[in-house]
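Subject: Structure for you to look at

Hello,

Here is the structure I promised to pass on. Please open it first, then read my notes below.

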Amino acid sequence: MAAIEVVDLSMTYGDLRAVDAVSLEVAEGEFVGILGPNGAGKTTLLEMVEGLREPDSGRATVLGMPVWPRNAGLLPRIGVQLQASAFFERLTAREQLHTFAALYAVPVREADDWLERVGLVEKADTRVEDLSGGQAQRLSIACALVHDPELVFLDEPTAALDPQARRNLWDLLSGLNDSGRTVVLTTHYMDEAEVLCDRVAIMDAGAILRFDTPDALIRGLDAPTRILLADGEVLTTRDPAQEIARLADEHRLDGIRVQTGTLEDVFLDLTGREYRA
Ligand SMILES: Nc1ncnc2c1ncn2[C@@H]1O[C@H](COP(=O)(O)OP(=O)(O)OP(=O)(O)O)[C@@H](O)[C@H]1O
Ligand SMILES: [Mg+2]
């Protein structure tokens, strides 16, 4: 059974078609990334799939159940981290987490483990208003995951995180996925998508332009290889083997770096370089 099935899902704000007849399927246990410029429609799409926003048309099914009208039976089985995190005011980080845990009858001890997992043990008694941006982000992730959902939605979970926290969250999410959880996230970090995701959807102007493995997307780009020489010279070639052999003959191999196409190249190729609104 598919974890997520979306058919012709659309959402219009005034005359703006934020999500334009999107269809996609995510298999159980898959790790999927949604990439797209600002305003592409990622958050709107996710919120409809999560059952938080009523679509204008189309339908979404999650874990075999329709998400709209709101389906209370789904709530314990999915975890949702929103792009703008909302907390109960004046609670400490620990109280916040305990409140979420209580909603799903998760024992306090298990909830406390999450403080450790997201590196907030030292901030357990700090009020949510006094957490830094990245700390608040990590708390909202812990709150989304505390009831051990089968399917996890995360909207730019690493946006405010420092490099350490980002790597730690990668490990955490990979671990969840390895133990069979389905994960869907949005991100603006191409390296993150490449490392974590089984498949990546590239979205722009409300539509999904491609949905494939990072490898297949990069291969489809047919980008030339760049060879960066120690003296700063950059060679661009479609026959890297021949070029490297030539450099070897000339004893110029020391310190070279070879760059093949990246997911970022794919992204820019598909979505262009213009600013979005
Ligand atoms: N409630 C709303 N009312 C009117 N327009 C909206 C509303 N929510 C979103 N939009 C518009 O819909 C489009 C898609 O927004 P959305 O938040 O889904 O984009 P996104 O891909 O998540 O962008 P980002 O990368 O910046 O988070 C944008 O042009 C946005 O201005
Ligand atoms: Mg968004």
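Below is what I found, site by site.

One caution first: this is a predicted model.

Metal site. The magnesium ion (ligand 2) is coordinated by two side-chain atoms, Thr43 OG1 and Gln83 OE1. The distances are 2.0 to 2.2 Å. This pair brings together distant parts of the chain, 40 residues apart. Thr43 belongs to helix α1 (residues 42–49). Gln83 lies in the loop between β6 (78–81) and α2. Thr43 has a relative accessible area of 22%, so it counts as partly exposed. Gln83 is at 40%, so it is partly exposed as well.

Helix pair. Look next at α2 (residues 93–103) and α3 (residues 108–117). Their axes come within 9 Å. They cross at roughly 130 degrees, so the two helices are oblique to each other. The crossing is right-handed. From α2, the contact uses Arg94, Leu97, His98 and Ala101. From α3, it uses Val108, Ala111, Asp112, Trp114 and Leu115. By type, these residues are six nonpolar, one polar and two charged.

A buried glutamate. Glu243 sits in helix α8 (residues 240–249). Its relative accessible area is 16%. Buried means under 20%, so Glu243 qualifies. Which residues does Glu243 touch, leaving aside those up to four places away in sequence? They are Ile227, Leu235 and Thr237.

Best wishes

Note on methods: Residues numbered from 1 in each chain as written. Chains lettered and ligands numbered in written order. Predicted model: local features only at pLDDT ≥ 70, side-chain atom pairs only at ≥ 80, totals over all residues. Heavy atoms only, no water. Helix = DSSP H or I, 4+ residues; strand = E, 2+ residues; numbered from the N terminus. Buried < 20%, exposed > 50% of the residue type's maximum accessible area, 1.4 Å probe, protein only. Contact = heavy atoms within 4.5 Å. Axes fitted to C-alpha atoms, helices over the stretch in contact; angles between N-to-C directions. Parallel < 35°, antiparallel > 145°, perpendicular 65-115°, else oblique. Left-handed = near helix turned anticlockwise from the far one by under 90°. Nonpolar A, V, L, I, M, F, W, Y, C, P; charged D, E, K, R; others polar. Donors = N, O, S within 2.8 Å, 3.2 Å for Na, K, Ca; no water.
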